[in-house]
Amino acid sequence: MNTEKLRQLFTLAKDYKDDIKTLYNKTYELTDPLFKISDSGKREKHEKRKIDSTILTSMRFLNNFIMSSLFSRNGTWGVLEINPLAYASKYDVDKESSEQAISESNKSMQRNSETVCKYINNSNMYVETAKAMRDCENVGTGIRKTVLLKSATKPFTYEYISPDNFYTLEDSFGKPTLTFKVYPEKTLEQLKDMFGYMNGFNIPELTDEEDISEKRNILETVIPEFDEEKSETVYHHIISDEKYDEIYAEEFLNFHPFRVFRWSIINSNPWGLGIGAENVELFEDLEEYKNLRKDHSKVIVTPPVGFRGNLDLMYKVDLSPGAVNPLGYGNSPDDNMGIEPIGLGTNLIPVDQDIQDCRQRIREVFMAQPLGDVGDTKNRSATEMSLRHEMFRKEFSGTYELLNTELLSVTFMDAYLILVERGIISIKDEDLDVSQITYVNELTKSAGYEEVMNTVNWYSLNARLVGEELKKNLLNIPEFTRWSAEKMLVNLSVVPEKETINQGITQAEQIQKMQALGNINNEALNPQIEQLIGG
């Protein structure tokens with residue numbers, strides 16, 4: 001891509017950012033104690049703001065709920081496996097003949113997936129993603145960067161990226177993969193420390209003291225480009241100044257360093273829209289009611305006063321605690337002085353109720369404690385947590401799909417491809433083309449369990465309508481066993497094959513027939529035996 005095209009894209013990305021920046025900053029002003037988007041290309045200092053504790057607590061609750069639901073902290077939370085339909089279509093084979101080959105490939109890919117999740121779980125992914133997830137929930141867009149390391153035991157790490165001095169555009173598929181990150185006021189020495197690992201890294205020799213100390217803005221650009229020969233997307237990674245006059249380093253990667261994920265999509269803008277941005281007016285109402293209560297409280301505690309008597313004495317009055325004031329000579333009313341508080345009412349209930357209503361609505365929009373306190377173990381149960389996950393899927397179904405595609409999938413596959421490139425794991429290119437990711441987390445488990453239980457309930461209902469002999473014809477047990485294990489994300493290596501289950505069912509039926517036959521024979525012989533015994 002030529003320099004002029006890069007400049008045009010960067011300018012367009014800035015324009016889109018300007019359209020959303022006012023809303024984002026208003027949201028941060030009401031929900032974040034410090035942060036503000038300036039996009040000034042300079043280091044900014046921000047004054048601390050007071051934020052209502054209900055907002056902070058509700059945001060923290062939702063953030064913890066989503067992170068614990070999406071990413072399992074133990075074990076394998078994502079598995080790459082062959083898609084049987086894609087495999088059969090690509091190699092033009094039927095399902096039965098491909099099962100053995102798919103099974104062998106899946107075993108290898110299962111081991112690879114365990115390795116990938118182990119590397120991810122041992123990194124700082126959870127902490128840095130949680131920071132970006134907070135932005136996603138609040139304003140609508142979260143940003144996280146994957147940084148390559150030379151270590152074999154720690155080949156990559158993660159970094160939270162704030163929306164300040166960051167810009168993005170959507171590609172032709174509607175994904176925010178064109179990214180521009182400005183690093184303000186960096187020296188060439190700092191630039192070398194940040195990007196010296198890149199192949200072809202080149203900056204002027206640091207000979208002059210002024211050149212060494214001179215600070216400049218550095219622009220990191222990532223542009224997706226489709227490789228027609230390999231039929232895959234590669235990412236053009238460029239380090240330059242803000243005008244692309246000087247290119248310090250560039251390379252092509254098979255993964256995107258910056259991952260931008262959104263809460264919901266704005267049709268006219270690549271930036272997302274979050275819960276906080278949608279409810280700015282609610283936060284403003286809460287602040288307004290709190291200020292009204294504060295003003296009213298001051299009037300009650302220190303009410304206005306009425307003065308009577310000598311005006312000269314009025315200007316000598318001291319209303320501080322313990323003060324001694326002249327009250328006049330007592331000879332006439334004109335020589336005396338008196339002060340009385342003016343009562344304006346002491347009822348704060350209406351404004352207190354408005355404050356409580358706002359706080360309750362804030363808890364509701366952030367889905368905080370919908371069924372009570374999750375930390376209260378007395379009321380916590382597996383059913384309750386299942387209901388929480390069901391509520392989230394229904395309330396934020398679009399968000400769940402976006403997080404799957406823009407965060408979960410790319411987190412797993414980026415790490416997978418990095419480990420393949422480092423030679424830590426291996427996979428056949430043909431298997432990668434027909435593979436798919438299965439997620440193992442609380443939300444997918446809940447959805448799978450619900451689907452299985454629907455089938456069980458259907459069977460139980462219909463089993464009441466037929467005789468005992470016909471019950472076994474209502475459900476294909478071997479198929480149901482494998483299907484339910486897949487839906488509930490059970491490791492299939494511990495589930496018997498369908499042939500083994502069929503053999504077991506056949507043997508059990510044969511034993512039942514033999515036992516029934518034996519009972520019949522015994523009943524026929526009983527009269528003869530009784531006659532012999534009696535004789």
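## Basis of the description

A residue is called buried when its relative accessible area is under 20%, exposed when it is over 50%, and partly exposed in between, with a 1.4 Å probe and protein chains only. This is a predicted model, in which local features need pLDDT of at least 70 and side-chain atom pairs count only at pLDDT 80 or more, while totals for chains, interfaces and linings use all residues. Residues are numbered from 1 along each chain as its sequence is written, and side-chain values use heavy atoms, with hydrogens and water left out.

## The chain as a whole

The secondary structure of the protein chain comes to 17 helices and 14 strands, where helices (H or I, at least four residues) and strands (E, at least two) are DSSP runs numbered from the N terminus. Of its 535 residues, 39% count as buried. The chain exposes about 30,800 Å², of which carbon and sulfur atoms supply 50%; these accessible areas come from the Shrake-Rupley method with a 1.4 Å probe, and for residues only the protein chains shown count as cover.

Contact here means heavy atoms within 4.5 Å. Among contacts between residues at least 6 apart in sequence, 70% join residues at least 24 apart.

## The loop between α1 and α2

Lys 36 lies in the loop between α1 (3–31) and α2 (53–70), and it counts as partly exposed because its relative accessibility is 41%. Leaving aside residues up to four places away in sequence, Lys 36 touches Asn 25, His 46 and Asp 164. The C-alpha atoms of Lys 36 and Lys 21, which are 15 residues apart along the chain, are separated by 9.6 Å.

Asp 39 is found in the loop between α1 and α2 as well, but Asp 39 counts as buried because its relative accessibility is 15%. The phi of Asp 39 is near 55°, a positive value in a residue other than glycine. Most residues other than glycine have a negative phi.

Two strands are taken to pair if DSSP finds at least two bridges between them. Four bridges join β4 to strand β5 (residues 178–186) in an antiparallel arrangement, with Tyr 167 opposite Phe 180 in β5. Glu 185, also placed in β5, has a positive phi of about 55° although it is not a glycine, and is partly exposed because its relative accessible area is 26%.

β5 and β6 pair in the antiparallel sense over six bridges, and the bridge partner of Tyr 183 in β6 is Ile 218. Nine of the twelve residues of β6 (residues 216–227) are buried, so this strand is largely enclosed by the rest of the structure. Ten bridges join β6 to the antiparallel strand β7 (residues 232–241), where Asp 227 stands opposite Glu 232.

## Helix α13 and the cysteines

Helix α13 (residues 397–421) has 25 residues and reaches 35 Å from its first C-alpha to its last, close to the 36 Å expected at 1.5 Å a residue, the expected span being 1.5 Å times one less than the number of residues. α13 bends by about 40° at Asn 404, where the bend is the angle between axes fitted to the seven residues ending there and the seven starting there. Just after α13, Gly 423 takes a positive phi of about 80°.

A search of the whole structure finds zero disulfides, a disulfide being a pair of cysteine sulfur atoms within 2.5 Å. Cys 136 counts as buried because its relative accessibility is 0%, and Cys 358 is buried, with a relative accessible area of 1%.
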